[in-house]
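Dear colleague,

Here is the structure for your files. My notes on its side-chain contacts follow below it.

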Amino acid sequence: MKQSQKISPHLPDLPGQEGCIFCKIVHGDIPCAKLYETDNFLAFLDINPFRQGHTLVMPKVHCPTAFELPPALGAELVETLQKVGRAIVLHTQAHGLNCLQNNYPAAGQVIFHAHWHLIPRHDGDGLFSDPKLRASYAPSSIEDFAAQLRMLI
């Protein structure tokens with residue numbers, strides 16, 4: 001499917017690549033706590049995490065939603081999610097890991113560049129039951145946390 005095509009006529013039009021914050025991260029215009037990178041994908045710590053270790057994995061090519069991701073990148077996406085996800089579970093001693101992806105505003109998509117959330121979970125953490133339970137990083141600690149995770153990838 002070409003990026004200009006919609007999967008359904010009732011879906012909203014999405015913003016284009018111009019001004020895309022994730023494209024700016026890919027191009028190095030905005031810094032990130034990078035964990036892993038290939039020619040096609042980038043993984044970095046979320047700056048507004050649900051839990052420490054909450055990571056975003058995204059294609060470097062601009063795709064507004066997962067529906068525009070080139071199918072040829074599917075296997076590499078799964079490999080990247082597995083590799084980074086394993087490191088997150090090991091480093092955070094998580095009991096589980098959410099792999100979430102939102103498409104379109106009604107599903108919770110806020111940044112219109114396809115990306116996957118890897119969120120470490122612990123038994124009874126109540127993550128999605130109380131928004132006050134979100135984690136955060138001190139500005140100086142996000143890079144330290146990222147460096148520790150990079151060593152596990």
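**Salt bridges**

Glu-37 and Lys-60 form a salt bridge through their side chains, with N and O 2.7 Å apart. This is a predicted model. Glu-37 belongs to strand S1 (residues 34-37) and Lys-60 to the loop between S3 and H2, so this pair links parts that are 23 residues apart in sequence. Glu-37 also meets Lys-34 in a salt bridge, at 2.8 Å from N to O. Through shared partners, Lys-34, Glu-37 and Lys-60 make up one network. Glu-37 is partly exposed, at 38% relative accessible area, and Lys-34 is partly exposed too, at 34%.

Asp-125 and Arg-121 form another salt bridge, their closest N and O atoms lying 2.7 Å apart. Here both residues are buried. The count of salt bridges in the model is five.

**Aromatic pairs**

There are two aromatic pairs in the structure. In one of them, the ring centres of Phe-22 and Phe-44 are 5.8 Å apart and the planes stand at 80 degrees; the pair is therefore edge-to-face, as the angle is over 60 degrees. Phe-22 and Phe-44 are both buried.

**Glu-68**

Glu-68 is found in the loop between strand S3 (55-59) and helix H2 (74-92). With a relative accessible area of 7%, Glu-68 counts as buried, because the limit is under 20%. The side chain of Glu-68 makes a polar contact of 2.4 Å with that of Thr-65.

Regards

Technical notes. Residues numbered from 1 in each chain as written. Predicted model: local features only at pLDDT ≥ 70, side-chain atom pairs only at ≥ 80, totals over all residues. Heavy atoms only, no water. Helix = DSSP H or I, 4+ residues; strand = E, 2+ residues; numbered from the N terminus. Buried < 20%, exposed > 50% of the residue type's maximum accessible area, 1.4 Å probe, protein only. Polar contact = N/O pair within 3.5 Å; in protein donor to acceptor, adjacent residues only side chain to side chain. Phe/Tyr/Trp six-rings, centres within 6.5 Å; stacked < 30°, edge-to-face > 60°. Salt bridge = Lys/Arg side-chain N within 4 Å of Asp/Glu carboxyl O.
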